[in-house]
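Visitor: Hi, I'm new to this one. Can you walk me through it?
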Amino acid sequence: MTNPLLSVRDLRVSFASETGTVDAVRGISFDLEAGRTLGIVGESGSGKSVTSLAIMGLLDENVRISGSIIFDGQELLGKSDKQLSAIRGNGLVMIFQDPLSSLTPVFSIGAQLIEALTVHRALSKREAWARAVQLLETVGIPDPEQRMKSFPHEFSGGMRQRVVIAIAMANKPKLIIADEPTTALDVTIQAQILDLISKAQAETGAAVIMITHDMGVVAKTADDVLVMYAGKPVEKAPVHELFHRTRMPYSIGLLGAIPRVDKAEKQPLVPIKGNPPLLINLPNACPFASRCPIAIEACHTSEPDLVDVGNGSVGEHQAACIRSHEITDGGLIDGRPVFPLPPIPESALAAIPREDRPTTLEVRNLLRRSLS
Ligand SMILES: Nc1ncnc2c1ncn2[C@@H]1O[C@H](COP(=O)(O)OP(=O)(O)OP(=O)(O)O)[C@@H](O)[C@H]1O
Ligand code: SF4
Ligand SMILES: [Mg+2]
């Protein structure tokens, strides 16, 4: 990678809490080039949002933060709020799970778009209005001229997220950080919003960080993937490599916990049992050890580093697991799945032909009328 747009090195973030210091991010490093998408995936509490807020410079002042975040040639850590705000205006945008948190309820959609368009650029009122309408059209808002006058509460969740993306595009982004942008939306809208983020990326040439807990979203959007666990990256690879040559049990678990159309119809999903550890006074051990089906004694005595595991170039595929070299394609160890498949429960009804089974729910002549 020659000249990355974003270069994060050994980023660490800790919060003081009543019960002790919470080490939310414990050393994360990656490079991201313009036009590429990095998927950051991991369970709740793994440090995904704290990482993105650190990059945006949106963490409270009372956090302890160290390492380096170089965006577009400038070190962001140590900059004042004013300097960071200027840098954000120059191409760093964030799309949150809840679009209402990015929109101001008392201003119309049009006013907010025009503000985004004119805050850092000299545009006449007429030019800004025309560009705002065009952006609403680009993100698929019907009757954009009319909707310029609407307020956020007059839009559905999906439409609000479209407006947020229009505002992001207005800022001529170099980097778009999308933190669970579709989690609050229903499935059909989710796909549309992901497509729209790709469209915004294609039109602006921005790099994207797609934060999600959903491997399906990663598969659809990312070029490279970083799997986070307990505040640290535990596997890092190009997306195809990660899905086909997974080398870290936690990533194998995440992949096993999602439905796959390419797997046998009756194969059950394998949940990862247990919970991630508390991020206070973590012992010197693999943080996944208590949940890992292939843990050995050595896993409990030191925390594995993220090291090269693939056949590609240095740093291309890395994993933090002392047994990575024993894991083979398809998530196998000694020819058996790292996460053994649970038995398929035999339904008592399976032996009874469908037509002989009792009716559970019967619906006749159901009608639904819309009031508008
Ligand atoms: N302001 C704060 N003070 C103390 N601890 C915090 C604070 N913000 C986050 N944390 C802790 O940092 C850890 C990482 O949180 P983060 O929000 O980054 O998780 P996440 O991966 O984004 O999870 P989710 O998928 O639920 O959004 C969690 O243990 C969280 O409780
Ligand atoms: S280091 Fe040990 S406990 Fe951790 S993921 Fe690897 S095998 Fe499992
Ligand atoms: Mg989060």
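Guide: Start with a term: two residues are in contact if their C-beta atoms, placed from the backbone, lie within 7 Å. Arg 26 touches Arg 12, Gly 231 and Lys 232, not counting residues up to four places away in sequence. This is a predicted model, where local features need pLDDT of at least 70, side-chain atom pairs count only at pLDDT 80 or more, and totals for chains, interfaces and linings use all residues. Residues are numbered from 1 along each chain as its sequence is written, while chains are lettered from A and ligands numbered from 1 in the order in which they are written.

Visitor: Where does Arg 26 lie?
Guide: In strand E2, residues 20-32. Strands (E, at least two residues) and helices (H or I, at least four) are DSSP runs, numbered from the N terminus.

Visitor: Is Arg 26 buried or exposed?
Guide: Buried, because 20 other C-beta atoms lie within 10 Å. The cut-offs are 20 or more for buried, 12 or fewer for exposed, and partly exposed in between, with C-beta atoms placed from the backbone.

Visitor: New topic. What is the phi of Ala 230?
Guide: Near 50°, a positive value in a residue other than glycine. Ala 230 sits in the loop between strand E9 (224-229) and strand E10 (232-238). Ala 230 is buried, with 23 other C-beta atoms within 10 Å.

Visitor: And what about the phi of Lys 172?
Guide: Phi there is near 45°, again positive in a residue other than glycine. Lys 172 is in the loop between helix H6 (157-170) and strand E7 (175-179). Lys 172 counts as partly exposed, because it has 17 C-beta neighbours inside 10 Å.
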